[in-house]
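Welcome, and please open the model in your viewer. We will take it one selection at a time.

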Amino acid sequence: MNFEIRLTEALARLRQGGNLRMLPQVPDSVINLSSNDYLGLLTDEALLDAFYAQLPRASRRLSAASSRLLTGNVPEAIAFEDALCQAYGSEAALVFDSGYHANTGILPALVGKKSLVLADKLCHASMIDGIRASGCTFYRYRHNDLGHARTLLERYASIYDEVFIMTESVFSMDGDRVDIPQLVALKRAFPNVVLYLDEAHGVGVFGETGLGCAHATGLHQEIDLLVGTLGKAWSSMGAYLICSQVVRNTLINRMRPFIFTTALPPINLAWSRFVLEALPSLQARRERLLVMGERLAETIRQQGTVCVSASQIVPYVIGENIKAMALAKRFREAGFYVLPIRPPTVPEGTARLRFSLTATVPDVAFERLLELVQA
Ligand code: PMP
């Protein structure tokens, strides 16, 4: 069979199941409730003006033109990593081109012959891809059930050199949060545990200085591998790891998505550092964002729907794909851009609208949104 016929038939099957994905175009006129621009920095003209006004000419470059290991180790990358170390009080930090690069590359570079991975059932696809690429034995514990992780540790920890526990701090699809003290307690109980925490949706949003959930609890020094992403609250591009010096040196030597790709552009790294410095001053936005998250989740619960959100990400679980798509269309007609999330991104039968709030949504629009949920 001609391969394009085979592909066309596969796409037709996706369409039939309500699972066909197409690239949407977001009209300017709508309130965007599907972006990860949590603090509204993407369109913050005053902040952008302040950034460009202080930007040195050399930092305006739009490409690093090679890998960090060749000639792409630009001063902006070093300055940003230094600033991250200062902010977190960490030994080392390393920047990557994206969260996807980070999560697919870090683990394979660090595992040994006798490493085990325990991952939350709902870990992001990029972490799953990293686990697969590592070739490690892995088990997935029940979502956000660290008791289950502990049971698995009791069974397996003693027969492996080390056990990587992988979780997100704010889960990307449900908006619920991991219990950081409980996570750290696992490490204290099992000395060969290595904690890997993906704070993609936590950094910028949680903590009085916006450094994420682990930093907010004061336990960030206990997290061996803390990943933050820059394409969300930061409104930039890239990702970073807060880690020890020996981990950083290992990644520079072994991590394929770090070694074999062009480094981030100087302008982008300069912006990330600028935002890092601005984060402490954005506490009012964080507070507003989280109050909106709570109110929206509560309104959804009042409709009799379970909503586990404890953050700016608020799912409205509908169930069937077709129904979720129809409801998304109704919201869009009312001026709110919210996307339906369907399997395989979420488990079968849990298609949902996923509200991903931005701190700068106007009050009037937010109240209207709550009314629509109640309608
Ligand atoms: N981790 C999590 C939890 C995510 O939600 C995402 C992106 N949706 C990523 C990693 C990937 O980050 P990036 O978009 O920077 O590749």
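**The whole chain**

Begin with everything selected: of the 375 residues of the protein chain, 54% count as buried, where buried means under 20% relative accessible area, exposed over 50% and partly exposed in between (1.4 Å probe, protein chains only). This is a predicted model, in which local features need pLDDT of at least 70, side-chain atom pairs count only at pLDDT 80 or more, and totals for chains, interfaces and linings use all residues. Residues are numbered from 1 along each chain as its sequence is written, and side-chain values use heavy atoms, with hydrogens and water left out.

Switch to a cartoon view. The protein chain has 14 helices and 12 strands; helices (H or I, at least four residues) and strands (E, at least two) are DSSP runs, numbered from the N terminus. Along the principal axes, the C-alpha atoms fill a box of roughly 55 × 55 × 55 Å. Among contacts (heavy atoms within 4.5 Å) between residues at least 6 apart in sequence, 73% join residues at least 24 apart.

**Stop one: aromatic rings**

How many aromatic pairs does a search of the whole structure find? There are 9. Rings of Phe, Tyr and Trp (its six-membered ring) pair if their centres lie within 6.5 Å; planes under 30 degrees apart count as stacked, over 60 as edge-to-face and the rest as tilted.

Select Phe-51 and Trp-271. Their pair is edge-to-face, with 5.1 Å centre to centre and 70° between the planes. Phe-51 belongs to helix α2 (residues 45–54) and Trp-271 to helix α11 (residues 266–278), so the pair ties together parts that are 220 residues apart in sequence. Phe-51 and Trp-271 are both buried.

Next, show Tyr-139 and Tyr-156. The ring centres of Tyr-139 and Tyr-156 are 4.7 Å apart and the planes are at 15°, so this pair is stacked. It links distant parts of the chain, 17 residues apart: Tyr-139 is in strand β4 (residues 137–141) and Tyr-156 in helix α6 (residues 146–156). Which of the two is buried, and which partly exposed? Tyr-139 is partly exposed, at 28% relative accessibility, while Tyr-156 is buried, with a relative accessible area of 15%.

**Stop two: helix α7**

Select residues 180–189, which make up helix α7. Colour Ile-180, Leu-183, Val-184, Leu-186 and Lys-187, which are buried. An α-helix has 3.6 residues a turn, so residues three or four places apart point the same way.

What do the buried residues of α7 pack against? Show α6, β5 (162–168), β6 (193–198) and α8 (213–217) to see these partners. Then look at the start of α7, where a side-chain oxygen of Asp-179 reaches to within 3.1 Å of the backbone nitrogen of Gln-182.

**Stop three: strand β7**

Finish with residues 225–229, strand β7, where 5 of the 5 residues are buried. Both faces are covered: Leu-225, Val-227 and Thr-229 are on one side, with Leu-226 and Gly-228 on the other.

Now show the neighbouring strands, remembering that two strands pair if DSSP finds at least two bridges between them. β6 and β7 pair in the parallel sense over 3 bridges, and Tyr-196 stands opposite Leu-225 in β7. Strand β8 (residues 239–243) runs antiparallel to β7, joined by 4 bridges; here Gly-228 stands opposite Tyr-240 in β8.

Technical notes
Polar contact = N/O pair within 3.5 Å; in protein donor to acceptor, adjacent residues only side chain to side chain.
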